[in-house]
Amino acid sequence: MEAKFEELIESFVTNKIGISEAFLSLPLAAALQKNLLQLNTDGRMLSAGIGNAAMKDTNKKVRSDKTFWLEDDSKNDAEMEFMDIIREFMGHLNRTCFTGLNACEFHYALYEEGSFYSKHKDQLRNDDHRKYSMISYLNDDWIESNGGQLIVYQDKGNDSILPTNQKTVFFQSDIIEHEVVVANRSRMSLTGWLKRI
C-alpha cells in the first residue's frame, strides 16, 4: 500500500488534492459496495445531516444523500480491511509528514438518482478536529453523463473528479470547498475524516 499512499501524498502536495485511481483493490471495492447496497435494502441508510450531534440539521436543500456510519467494533471483513488501510495511511502520514493524526471516522454514502451536496467545507464550525477528508468510490463503469462529479474549488480553477470505482480522493478539510453535483444514477462511496483530537 505504501506506493498508493505516496501517490495520494504526491498529488496532494502538487495540487492540494490527492488522487489515487486504484487505491482500493477491486475485491475490496466490490465487497464494500455489496455492504452498502445491503444496508440500503435493509433500510439502514438514513438521510444525511449537516454538522455534528451538537448542531445537526437535516436540510434537503443542501444535501440529499443517505449515510451509514462505520462502527468501531465492526466484524465485517471488508470494513475491517478498509479501516486497517486507513490506519496504515494515518501512520504513514504521521511518520512522513508529521501530521499528528490520532483518530478517524467514516461512513457509507449513497447518492440516489437526483441527489447532490451543495458547496461546502468539511470542517465543522464548532469542532476543528477534522484535518483531512478522504473519499473512496464504489461505482462500476461510471461515465461523465452519470453526473455525480466531485467539484473542487481552488484559486487556480475548479477540478471535476469522476467518482470511478476504486478511486480515492484526499484533501484538507478546513481549506477545500467542494460539492457533489446531481447524480443521474446511484453513486456510492466511503467518506470520512482523518482527525487530530
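## Basis of the description

Contact here means that heavy atoms lie within 4.5 Å. The model is a predicted one, in which local features need pLDDT of at least 70 and side-chain atom pairs count only at pLDDT 80 or more, whereas totals for chains, interfaces and linings use all residues. Residues are numbered from 1 along each chain as its sequence is written, and side-chain values use heavy atoms, with hydrogens and water left out.

Lysine 195 lies in strand 11, where strands (E, at least two residues) and helices (H or I, at least four) are DSSP runs numbered from the N terminus. With a relative accessibility of 11%, lysine 195 counts as buried, a word that stands for under 20% relative accessible area, with exposed meaning over 50% and partly exposed in between (1.4 Å probe, protein chains only). Neighbours within four places in sequence aside, lysine 195 is in contact with residues including Leu101, Cys104, Glu105, His129 and Lys131.

Glutamine 166 belongs to the loop between strand 8 (157-161) and strand 9, and its relative accessible area of 19% makes it buried. Among the residues that glutamine 166 touches, not counting those up to four places away in sequence, are Ser20, Phe23, Leu26, Ala29 and Tyr137.

## The sheet and its helices

Seven strands form an open sheet with antiparallel pairing, in the order 1-9-6-11-4-3-2; two strands pair if DSSP finds at least two bridges between them. Strand 1 (18-20) and strand 2 (46-47) stand at the edges with a single partner strand each, so one side of each has no neighbour in the sheet. Strand 3 (residues 66-69) is joined to strand 4 by four bridges, the two running antiparallel, and lysine 66 stands opposite leucine 110 in strand 4.

Helix 1 packs on the sheet, where it touches strand 1, strand 6 and strand 9 (168-172), and its direction makes about 145° with that of strand 1. Axes are lines fitted to C-alpha atoms, for helices over the stretch in contact, and angles run from 0 to 180 degrees between N-to-C directions. Helix 3 also packs on the sheet, touching strand 4, strand 6, strand 9 and strand 11, with its direction at about 130° to that of strand 4.

## The nonpolar cores

A nonpolar core is a set of buried Ala, Val, Leu, Ile, Met, Phe, Trp, Tyr and Cys residues joined through side-chain atoms within 4.5 Å. The largest has 33 residues, and Phe82, Phe89 and Phe170 are among those with the most contacts inside it. Helix 3 gives the most to this core, eight residues.
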